[in-house]
Structure formats: structure tokens, C-alpha cells
Amino acid sequence: MTQRASAKLPAKLIIASRESRLAMWQATHVRDRLAALYPQCQIDILGMTTRGDQILDKTLSKVGGKGLFVKELEVALAEGRADLAVHSLKDVPMDLPDGFLLSTVLEREDPRDAFVCNDYDSLATLPAGSIVGTSSLRRQSLIAARYPQLVIKPLRGNLDTRLGKLDRGEYAAIILAAAGLKRLGLERRIRAYLSPEDSLPAAGQGAMAIEIVAAERSDGVDLAALLSPLNHEATLHAVMAERKVSKMFGASCQIPLAAHATIDGTELHLRAMVATPDGRRNAFAEASGPAALPEALGEQVARLLEQQDAASILAECRLDAAAAGDA
């Protein structure tokens, strides 16, 4: 008998999710996958508004980072109001609070960044002085390094809000994750894809993850076992390598850091970057290794970055962030 078949099934499961349209799509996707596996189980979604959704007038690096998108969902898990939480993996901090577990990583969607614009075909064709919106210091750094003639301004809000700001002319172009646009059926808004060589993705970009409470449940349900059919092994190995790089550098929204892994058979290839927000200083590294040892590869690439003075680059990032916070 398989682990899934032998696991005790609860009468009901509740999924905690942010209430944005994209987050609810992700929660609904997980609900539907679970409903197909366990039709006798009632599965509901608990929509929640997080602090990350509420604070829209400041960049994430100034208000506590991407963890603001998951804290309220973790409270719902801890209080027993929800059984599992669905996240965009790139929003999940590298270190979870005690008592929580990332049990499941689903198959990755397109990890690339997308150029979204109504009038021009690429970043290269934008006129000098054009305003480009992005919520990410990583994207800001990469754009600033290659296109110093462009003006980069922060862009917050959910996907529909960001597209609305573009359509109202507040920005000449915006950079978004391709995965979110595709999941919501908005692929037509993508004017061009940015290749990983031109815009190295964030760790975990395009992947969804499920978080649960780590402790044994009083009802005897092994939730991790029930969720295991949703795990995608290749994606799991890739994001483990990526997140290891981020963890070793204490990655936060204050640091422009990228890490992207691909798998070819049993071989994992990882590329990573750290940079200053203005793109003036950067370090790149890449290496390959066994897919079965993703964290070892992540550590190897992080060490290669350290040999390129990554620590000094990150120290400059933190000084800049502290100065901005005092401003």
C-alpha cells in the first residue's frame, strides 16, 4: 500500500491564502488537485489580507520584506483555523519560524521575467528617460546595469493593480514574473520574455509551495503524506539549490540576489548573482553537480560568489538600505 493510500484522511481541509487574484488562483489550483485525489474530503479556502498586501506606499525592503506576505497565514495555521497555506515560493523567507514546515513544492511554471509594455517591444527600444516599474531590487539592479538611460521606480500592488498603473501611463513599461501572468490567462500582456541570461530569476521564482505545521496533529492525520503526490521532484531539487544560495547570504528584499537552477537528467546547473541596487557592482557564479545533492551545489556556488567579493557588495547593499530607512 502506498504512503498516500495508507494515510488517514480528514473530513475537511482548509487552505489559507492571500486574497489577491493570483494567490486565490494558486489556492484553487491546490484545492482542485487535492479534490481529485481525495474526493471524499471537503476542501475550503480561507482568504486573508496580509500586511504585505496592505502596505503599498513603501518598497518591501523598507517594511520588513516578503515575509509580510506569509505571517498572517502562519498565524492561521498555528491557531488551527487552516490546515495548509499556499505560497509563491519566492515570497517565502529562507528560514521559517519554529514549528512550520514547507512540505510540498509543486511543478514550476515559467521562471522568467516578462517585459510588459503597451508601446515598445523591449527594454532596449524604450526612449531614454522612460520610467520602468518593478517591485524587485534584483530586477532594478539588472536593468540599471544594462540600461542606465532608463528611470526605475518602485511598483507595488497586486498584478491587476500593477497592470492598471501601466495602462494609466504612470510607467512606460513594467517587469513582472511571467508565471503569474500565465496563470491568470494574461500571457497576451507579455511583450517580450527576458531570458535568464539577461535577467536571472529570483530563487524559487515560478514555483508554488505548501506550508504546514510541523508538529503531529491530534487527529492522527499525516498531512505531509497526503500532500506528497503534489510534490515535483525536479522543481524541488532546483529550488533547494537556489534557496541555499539565498540562505547563505542572508537574502532579503534589501539584497539584489538571483539564483536559478535547471535540471538535465541527473545533472543540476545553478547560476547565481549578487549586486548593488544601482547595478554598478556585481558578482556572477555558476556550477553543475548531481541533482540529488542540491544544497551542496548551492553552497558551492555561494562560495564562488564569495571569492568575487560578494560580502563587500552585500555590505554596501545593507548600508544603502540603512541610509534609505533613515531618510
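Of the 327 residues of the protein chain, 50% count as buried, a class that requires under 20% relative accessible area, with exposed meaning over 50% and partly exposed in between (1.4 Å probe, protein chains only). This is a predicted model, in which local features need pLDDT of at least 70 and side-chain atom pairs count only at pLDDT 80 or more, while totals for chains, interfaces and linings use all residues. Residues are numbered from 1 along each chain as its sequence is written, and side-chain values use heavy atoms, with hydrogens and water left out.

Among contacts (heavy atoms within 4.5 Å) with a separation of 6 or more, 70% join residues 24 or more positions apart. The chain holds twelve helices and 13 strands, taken as DSSP runs (helices H or I, at least four residues; strands E, at least two) and numbered from the N terminus.

Five of the strands build an open sheet of mixed pairing, in the order β7-β6-β8-β5-β9, where pairing requires that DSSP finds at least two bridges between two strands. Its edges are β7 (151-154) and β9 (192-194), each of which pairs on one side only. Strand β6 (residues 131-134) pairs with β7 in the parallel sense over four bridges, and within β7 the bridge partner of G133 is K153.

Helix α6 (residues 137-146) lies across β5 (113-116), β6, β7 and β8 (173-177), running at about 130 degrees to β8; such angles run from 0 to 180 degrees between N-to-C directions, with axes fitted to C-alpha atoms, for helices over the stretch in contact. Helix α7 (residues 159-167) also packs on the sheet, where α7 touches β5 and β8 and its direction makes about 160 degrees with that of β8.
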